[in-house]
Amino acid sequence: MILKKRCRRELLFCFYRKHLPKNYTKNDILEFLKRLRDEINKYKYSVSSNFITIGRRDFLRESLTKKLKFDYDDQEIKFQDSLGNIESYIYGEDYFHWLHHKYTKKKFEHLLKINAKYRDKGIICLQEKNILLDMINEMEGYINEHYEEFI
């Protein structure tokens, strides 16, 4: 029996950067997204009670959908920006500002502490894995539905 390792953020980020396509053709991006999904699925995951999405993570997830729907003059920029959202999510951008949220300062400070526990482990949890796969699936679906070929 082969035991799967946990997904370390730094390794997934390096994989992303190494395999990011230089060309933004439909086939290149779809192949990259498939390889990224396969890489994500190689690992084992568990639920983390310290994973939160408020702040930057929520923004990155929502921004991907908005960017895909937005009518850019240059489609290459649309896909660079959309892939950039996935890259930033993998990288672990997670900054917050408590005034932008409905939480009291005390509650917000608590959330920052639990997020730091999550971030400092450097391991991607099941919830984050599912968000990343959702982002990949959304981008693939959009490309397949809207584009025969693009540059």
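Trainee: Which residues are linked with Arg61 in a network of salt bridges?

Mentor: Asp134 and Glu138 join Arg61 in that network. A salt bridge here is a side-chain nitrogen of Lys or Arg within 4 Å of a carboxyl oxygen of Asp or Glu, and by this rule the count comes to 9 salt bridges. Keep in mind that this is a predicted model, where local features need pLDDT of at least 70, side-chain atom pairs count only at pLDDT 80 or more, and totals for chains, interfaces and linings use all residues. Residues are numbered from 1 along each chain as its sequence is written, and side-chain values use heavy atoms, with hydrogens and water left out.

Trainee: What makes Glu128 and Arg9 a salt bridge?

Mentor: Their closest N and O atoms are 2.7 Å apart, and the rule asks for within 4 Å, so the pair qualifies.

Trainee: Why is this pair said to tie parts of the chain together?

Mentor: Because Glu128 sits in helix H6 (residues 126–146) and Arg9 in helix H1 (residues 9–19), 119 residues apart in sequence. Helices are DSSP runs of H or I with at least four residues, numbered from the N terminus.

Trainee: Why is Glu87 called buried?

Mentor: Glu87 has a relative accessible area of 17%. Buried means under 20%, exposed over 50% and partly exposed in between (1.4 Å probe, protein chains only), so the label follows.

Trainee: And what is Arg17, which meets Glu87 in a salt bridge: buried, exposed or partly exposed?

Mentor: Arg17 has a relative accessible area of 47%, so it is partly exposed. The N to O distance in this salt bridge is 2.6 Å.

Trainee: How do you know that Asp38 and Lys34 are about one helical turn apart?

Mentor: They are 4 residues apart in helix H2 (residues 26–41), which means a separation of about one helical turn.

Trainee: Which residues touch the most other members of the largest nonpolar core?

Mentor: Leu33, Leu36, Phe79, Ile86 and Met139 do, out of 34 residues. Such a core is a set of buried Ala, Val, Leu, Ile, Met, Phe, Trp, Tyr and Cys residues joined through side-chain atoms within 4.5 Å. H6 gives the most to this core, with 8 residues.

Trainee: What does Leu33 touch?

Mentor: Leaving aside residues up to four places away in sequence, Leu33 touches Leu83, Ile86, Ile136, Met139, Glu140 and Ile143, where contact means heavy atoms within 4.5 Å.

Conventions: Helices (H or I, at least four residues) and strands (E, at least two) are DSSP runs, numbered from the N terminus.
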